[in-house]
Amino acid sequence: MVRTTARSETMTSAPSKGRDTRRWVRRLVAAAGLVAMCTLPMATAGAAPSRDGRPSAHALLYVSDYGNNRVVALPTQGGDQTPVPFEGLVRPTGMVGDVAGRLYVSDTGNNRVVVMAAHGSGQSTVPTDGLSRPLGLALDRARNLYVADSFNDRIVKVSLASGTQTTVPTTGLLHPWGLALDAAGNLYVSDFVNDRVVRVAGDGSGQTTIPAVGLSQPTGLALNAAGDLYIADSGNNRVVKIAAGGGQSTVPTTGLSDPLGLAIDGCGGLYIADGFNNRVVRVQETGGGQITLPATGLNTPTGLAFLPTGTRP
């Protein structure tokens with residue numbers, strides 16, 4: 001069986017299952033220098049924004065359907081999935097939304113980032129320079145977009161106000177994947193080939209490695225309001241939690257195979273793009289309650305995102 005994944009050189013196909021396969025992909029990537037609580041009611045398109053900027057109770061979950069070159073919106077409590085009207089996507093991966101209802105997507109196969117305006121009112125390309133297989137995205141309150149420029153082993157910062165692009169100072173990254181920002185402006189980066197997550201201080205004081213044990217090919221990241229960090233530990237088919245106060249634990253899940261993107265709904269729900277199982281699952285941050293979201297035809301779901309308002313593209 002052949003699986004399309006975000007790990008291969010040309011974003012085409014790679015063998016899919018088994019620990020040996022993932023290790024084979026890892027060695028190939030490294031050698032060649034390539035990469036690779038509460039429940040929500042049914043989503044509605046015209047919901048009002050939440051006051052704290054987190055997803056409202058009517059949020060939709062956006063999924064980058066990597067193998068099908070599309071993005072879909074899933075109601076988190078059932079109902080019909082709907083496509084987001086992007087054009088020309090090739091192997092979409094990371095996503096992030098803003099308070100105006102815009103959805104940004106790493107169009108990985110086209111080496112660009114695209115944005116869909118609120119209510120699907122138009123697509124445009126974010127001005128960038130020299131991206132090569134962009135993956136994870138993050139957005140700060142000053143409207144700076146951070147891009148994991150994976151094949152260039154760097155993180156770039158693009159001012160959406162001025163269009164200025166700079167490189168975030170980092171050390172030793174090898175195919176960065178997931179990104180997350182905390183309330184203080186610290187940037188977290190999953191350093192895929194180096195089996196670690198690093199924190200780049202928002203005040204410019206430098207880079208540190210998050211004290212996580214046993215990571216293998218970390219991909220998606222998510223932070224909750226308490227500052228707990230969730231890591232998709234894809235090579236180990238698990239999600240780990242690094243508590244804000246210290247300490248590592250494994251999130252109770254069943255049957256994950258190559259977990260990729262993560263998202264948090266602000267109501268205690270953690271969503272996981274279960275890549276090789278072609279599904280999205282939700283578990284409670286406190287443990288248990290795993291369900292599979294109703295979805296049709298997903299092929300290696302990779303990125304997940306909620307908009308911080310109820311507005312949808």
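This is a predicted model: local features need pLDDT of at least 70, side-chain atom pairs count only at pLDDT 80 or more; totals for chains, interfaces and linings use all residues.
Residues are numbered from 1 along each chain as its sequence is written, and side-chain values use heavy atoms, without hydrogens and water.

Switch to the cartoon view. The chain has one helix and 26 strands (DSSP runs numbered from the N terminus: helices are H or I, at least four residues; strands are E, at least two). Of the 313 residues, 55% are buried (under 20% relative accessible area; exposed is over 50%, partly exposed in between, with a 1.4 Å probe and protein chains only).

Select S106 next, in strand β7, residues 103–107. S106 has a relative accessible area of 0% and is buried. Beyond its neighbours within four places in sequence, its contacts include R91, P92, R112 and L137 (heavy atoms within 4.5 Å).

Now turn to the salt bridges, of which the whole structure has eight (a side-chain nitrogen of Lys or Arg within 4 Å of a carboxyl oxygen of Asp or Glu). Select D65 and R70: their closest N and O atoms are 2.6 Å apart. D65 is buried at 0% relative accessibility, whereas R70 is partly exposed at 25%.

Finish with R279 and D274, whose side chains form a salt bridge at 2.6 Å, N to O. R279 is buried at 18%, and D274 is buried at 0%.
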